[in-house]
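This briefing covers helix packing, a helix length check and a loop residue. The sequence and structure come next.

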Amino acid sequence: MFSRTENFKQYTTYYPVVSTLIAVNLILYVLTLLPGIRTILWENGIQVNYLILTGEWWRIFSAMFLHAGFMHVLFNMFSLYLFGPELEKIAGKARFTTIYLTAGIVGNVATYLFYDIGYTSLGASGAVFGIFGAFGALVYYTRRTMPMLRKLILPIIIISVIMTFLQSNVNVFAHLGGLVSGFLLGLVYLHPKRILSWRKQRMAGK
């Protein structure tokens with residue numbers, strides 16, 4: 001399920017949303033390696049709670065696409081590369097985009113609400129945890145019909161949550177906010193009857 005065997009052309013063709021998100025994040029990361037551009041992007045894009053308080057609300061969105069270092073962007077984009085395609089295939093491009101962006105925004109809103117006014121953050125972790133949460137909803141719906149899915153997904157979610165609390169410099173509320181919002185959207189989007197309805201529509205050419 002999470003074994004990627006596609007070549008580059010196949011991957012970008014089959015999973016255009018995931019591919020676009022990865023490309024945007026990587027391009028922005030490369031741009032931050034250039035000192036002048038890095039300053040512009042960071043000063044105007046990362047989440048700074050006291051600046052959000054003054055009205056710079058776009059930071060709740062833009063911070064999802066900026067990363068602090070190579071390992072930061074590598075971990076998030078590898079997770080998106082590995083887990084995103086299956087969810088895009090199941091939910092469809094529009095619903096996957098909604099899950100990803102909503103989870104990232106909710107995670108950053110939680111960051112604003114529950115951390116102190118001087119807190120700063122950046123990264124796609126909340127959105128990636130939204131993908132995990134959506135898979136959690138799928139596990140809930142298929143717990144009797146697809147028990148192997150539960151054995152595959154739940155350890156990933158549990159380990160990810162545990163590591164959230166064990167690692168330093170981790171935005172706990174972004175992770176948890178993304179996870180919960182992804183799960184709730186997954187409950188809405190991934191109900192088996194909805195998935196069957198979408199597939200019938202696709203087969204009918206609608």
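The expected span of a helix is 1.5 Å times one less than its number of residues. The model discussed here is predicted.

**Length and burial of helix 10**
- Helix 10 covers residues 172-189, and its 18 residues should span 26 Å at 1.5 Å a residue.
- The end C-alpha atoms of helix 10 lie 25 Å apart, which agrees with that expectation.
- Buried residues of helix 10 are Val-172, Ala-174, His-175, Gly-177, Gly-178, Leu-179, Ser-181, Gly-182, Leu-185, Gly-186 and Tyr-189.
- The cover over these buried residues includes helix 7 (93-114), helix 8 (125-141), helix 9 (147-166) and helix 11 (192-203).

**Packing of helix 2 and helix 6**
- Helix 2 (residues 16-32) and helix 6 (residues 70-91) have axes that come within 9 Å and cross at roughly 170°.
- Angles over 145 degrees count as roughly antiparallel, so helix 2 is roughly antiparallel to helix 6.
- Helix 2 makes the contact through Pro-16, Val-17, Val-18, Leu-21, Ile-22, Asn-25, Leu-26 and Tyr-29.
- On the side of helix 6, the contact is made by Phe-70, Val-73, Met-77, Leu-80, Tyr-81, Gly-84, Pro-85 and Glu-88.
- By class, the contact of helix 2 with helix 6 has 13 nonpolar, two polar and one charged residues.

**Loop residue Asn-169**
- Asn-169 sits in the loop between helix 9 and helix 10.
- The phi angle of Asn-169 is near 55°, a positive value in a residue other than glycine.
- With a relative accessible area of 81%, Asn-169 is exposed, the cut-off being over 50%.

Terms used: Residues numbered from 1 in each chain as written. Predicted model: local features only at pLDDT ≥ 70, side-chain atom pairs only at ≥ 80, totals over all residues. Heavy atoms only, no water. Axes fitted to C-alpha atoms, helices over the stretch in contact; angles between N-to-C directions. Helix = DSSP H or I, 4+ residues; strand = E, 2+ residues; numbered from the N terminus. Parallel < 35°, antiparallel > 145°, perpendicular 65-115°, else oblique. Contact = heavy atoms within 4.5 Å. Nonpolar A, V, L, I, M, F, W, Y, C, P; charged D, E, K, R; others polar. Buried < 20%, exposed > 50% of the residue type's maximum accessible area, 1.4 Å probe, protein only.
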